[in-house]
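I opened a new page for this chain and its ligand. These are my notes, in the order I looked things up.

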Amino acid sequence: MSGDATAMINAKNQENPVMVYSKTYCPYCSEVKSLFGRLNVPAKVVELDNLADGDAIQAGLQTITGRRTVPQVFIAGKHVGGCDGEQSGEGEHCADTSLARCLASCTCQLSLQLVPFN
Ligand SMILES: N[C@@H](CCC(=O)N[C@@H](CS)C(=O)NCC(=O)O)C(=O)O
């Protein structure tokens, strides 16, 4: 399933300007979802623990991102990280700064793509 999972993830990331792979009970995921809510950015959220093939999708995410935790966030098809600011060197804690900055740098692309989002 791993090849199928990565293909499915890549397709979803292309279809949806903001993709969040999440688990319903995960506090880091809640922080990311609430951040997008505060920024009024509609994000497509996949709750892996609600899916029969959630484990396979998580394995596919690990192949793509090198990380085995949720959340994993993709903006305009690009992996931007989890809840923390690891990738921007900000260390543990949720990511108003790093995600918000990334969103700001993607504004033009997102505003074009978000119009038909559901
Ligand atoms: N530093 C990570 C922590 C994320 C994390 O620890 N997530 C937990 C769920 S709350 C996780 O994915 N655990 C492994 C798993 O559920 O398979 C982040 O901020 O994104």
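**Entry 1: Tyr21.** I am working from a predicted model. I started at Tyr21 and skipped its neighbours within four places in sequence. The remaining contacts of Tyr21 are Val46, Leu48, Leu61, Val70, Pro71 and Gln72. I then looked for Tyr21 in the nonpolar core. Tyr21 is listed among the residues with the most contacts inside the largest core, along with Val20, Val32, Val73 and Ile75. That core has 21 residues.

**Entry 2: who builds the core.** I checked which elements supply at least two residues each. They are α1 (2-15), β1 (18-22), α2 (27-38), α3 (54-65) and β3 (72-75). Which element gives the most to this core? I find that β1 does, with 4 residues.

**Entry 3: the overall layout.** I counted 5 helices and 4 strands in the protein chain. Read from the N terminus, the order is α-β-α-β-α-β-β-α-α. The protein chain has 118 residues, and 30% of them count as buried.

Entry 4: I traced the 4 strands next. They form an open sheet, ordered β2-β1-β3-β4, with mixed pairing. Why does one side of β2 and of β4 lack a neighbour in the sheet? β2 (44-47) and β4 (78-81) stand at the edges and have a single partner strand each, so one side of each is left without a neighbour there. I noted the twist too: it averages 25° from one strand to the next.

**Entry 5: β1 against β3.** I zoomed in on this pair. β1 and β3 run antiparallel and are joined by 4 bridges. I picked out Val18, and its bridge partner in β3 is Ile75. Next I looked at α2, which packs on the sheet and touches β1, β2 and β3. The direction of α2 makes about 155° with that of β1.

**Entry 6: the ligand.** Which residues surround the ligand? I listed Lys23, Cys26, Pro27 and Tyr28 among them. Thr69, Val70 and Pro71 are also in the shell, as are Gly82, Cys83 and Asp84. By class, I get 6 nonpolar, 2 polar and 2 charged residues around the ligand.

Methods:
Residues are numbered from 1 along each chain as its sequence is written. This is a predicted model: local features need pLDDT of at least 70, side-chain atom pairs count only at pLDDT 80 or more; totals for chains, interfaces and linings use all residues. A residue is near a molecule or strand if its C-beta atom, placed from the backbone, lies within 6 Å of it. Ala, Val, Leu, Ile, Met, Phe, Trp, Tyr, Cys and Pro count as nonpolar, Asp, Glu, Lys and Arg as charged, and the others, Gly among them, as polar. A residue is buried if 20 or more other C-beta atoms lie within 10 Å of its own, exposed if 12 or fewer, and partly exposed in between; C-beta atoms are placed from the backbone. A nonpolar core is a set of buried Ala, Val, Leu, Ile, Met, Phe, Trp, Tyr and Cys residues joined through C-beta atoms within 7 Å. Two residues are in contact if their C-beta atoms, placed from the backbone, lie within 7 Å. Two strands pair if DSSP finds at least two bridges between them. Axes are lines fitted to C-alpha atoms, for helices over the stretch in contact, and angles run from 0 to 180 degrees between N-to-C directions.
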